[in-house]
Amino acid sequence: MALRLSLSNYPLLDSNSGATRWALDCKQTAMAAERGGGDNNIHDDMGNQLQLVPENEEEEEDDMETEDRDSEDAEKPSIINFDPSLPTSHAYLGSDMEEFHGRTLHDEDSVQNLPVLPHAALILIPGQTLPLQLFRPQEVSMFRNLVSHDRTFAVLAHSPDASGGELKAEFGTTAEIYAFREEQEYGIETVKIKAIGRQRFRVHDIRTQADGIRQAKVQILPERILLDPLSALQLLSRVHTHASPTKHTQPQSQVQRCQNYRRRKLYPASMTPWPPWVYALYDSETLMSRVKRQLHEWDENLKDESLPTNAIDFSYRVAACLPIDDALRLQLLRIGSAIQRLRCELDIMDRCTSLCCKQCQDTEITTKNEIFSLSLYGPMAAYVNPHGYVHETLTVYKASNLNLIGRPSTLHSWFPGYAWTIAQCRTCGSHMGWKFSAVKKDLSPPRFWGLTRSALLPTIPQGEEGVEGSRLLCL
């Protein structure tokens, strides 16, 4: 089982091909011995799950490194005919999962004791879907018990302490299981889970039980609803204004409707010492409209109907889709007001122009103009590989400065109909994600890149802040 855990990026494997091949060989040998074969044949039945190339290819081709040239000629397709509901279903987890309905919400400011998701290396946002594959005995037992109770557990948001050393967790998000499946794979008990983030919390205390499971004492954080400062004046303005006669006009565009709404809503500002734009800075509808315009710049195929209409849910959806590092995501998670959260998201989207390799910090991988959605979740969503490692993957049309490792494979693909190839930074060799290539000629887009958020660093152009070399984005 330890070997199973070492394959952090299989089947979307990392670029440490030598170590990966050794681990695959060792695991296949062990599995063959369990079945009584005892022969180190990497192309036996397990090869159907673990091999990277067809059986007639040489093993050395698995480790070959090629320079990715497709991005130079890649063009944005006019039509995307891929079904965006396929990635959201997480069909690779199995189709016969037990589903649960309803939701568990704890009272705001209440104190709860929740089991902690072990080995979590992500910051979960409320409303974000979290797929999991777990096989450690204590984890399987923990989630088996959770399913029979309230199905809620804690996902801690770890961050380095002040000295930059040991990770600590002061905040986190509750997650609720909505689909569950338990099975045996080669004699190992495995649970497959779909969960969704629910509520933010602050950590009070963490203790470890005798069985090794950690329990967190947490306080559920409230969502602060800011009152509209013009609400009292809006009623007064209606008394002093008369409705104009109804006229039959041409249908208005969304931009025109937003402008008319803003004009009507901010009209009472004329009765105050402050101009309308001051109130617009803290108007949730105005902020949501501005964020949507930015989202459409990032993704031309985005449909407004797929976005939440509630300001709180909308702000969380945007936070889950932003390709930002953990430090910025934690700042967004700590904010307790949708209005302030939207203002910070606007700042990030306005200033972020490119995404670089987090390890190099100077090697540009892609720009925000290449981001697009291939999922109902938006341009970025979380996926899990067979060995339990969760990758938040951003889809882009083009990516540069990447080398490809190995040959394309459709095994366990998160995007059905596409084969994946490992991609690493050309400068430092860090694992950046995968190139996805369509296996059918009529599938559009014919290719795209899935970049893992943990390897990306959002940046701003040099000189924009007035200090040469100040490229790191910060709030």
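**Reading burial, contacts and cavities**

A: Let's start with the surface. This is a predicted model, and the protein exposes about 23,100 Å², with carbon and sulfur atoms supplying 49% of that area.

Q: OK, and how many helices and strands are there in the protein?
A: You'll find 13 helices and 17 strands.

Q: What share of the residues counts as buried?
A: Buried means under 20% relative accessible area. Here, 51% of the 475 residues fall in that class.

Q: How do I read contacts along the sequence? What part of them comes from residues 24 or more positions apart?
A: Look at how far apart in sequence the partners sit. Taking the contacts in the protein with a separation of 6 or more, 66% are between residues 24 or more positions apart.

Q: Which residues is T190 in contact with, leaving aside neighbours within four places in sequence?
A: L134 and F135, plus R181, E182, E183 and E185.

Q: How many cavities of 30 Å³ or more does a search of the whole structure find?
A: Two. The second largest cavity holds about 40 Å³ of space.

Q: What lines that second largest cavity, and how does its lining split by class?
A: The lining residues are K76, E297, W298, D299, E300, N301, N369, I371, F372 and Y397. By class, that's four nonpolar, four charged and two polar residues.

Conventions: Residues are numbered from 1 along each chain as its sequence is written. This is a predicted model: local features need pLDDT of at least 70, side-chain atom pairs count only at pLDDT 80 or more; totals for chains, interfaces and linings use all residues. Side-chain values use heavy atoms; hydrogens and water are left out. Helices (H or I, at least four residues) and strands (E, at least two) are DSSP runs, numbered from the N terminus. Buried means under 20% relative accessible area, exposed over 50%, partly exposed in between (1.4 Å probe, protein chains only). Contact means heavy atoms within 4.5 Å. Accessible areas come from the Shrake-Rupley method with a 1.4 Å probe; for residues, only the protein chains shown count as cover. On a 1 Å grid over the protein atoms alone, a cavity is a set of points where a 1.4 Å probe fits but cannot get out, and a pocket is an open set with protein on both sides within 12 Å along at least five of seven lines; lining residues have an atom within 4 Å of a point. Grid points are joined across faces, edges and corners, and a volume is the space filled by probe spheres set on the points. Ala, Val, Leu, Ile, Met, Phe, Trp, Tyr, Cys and Pro count as nonpolar, Asp, Glu, Lys and Arg as charged, and the others, Gly among them, as polar.
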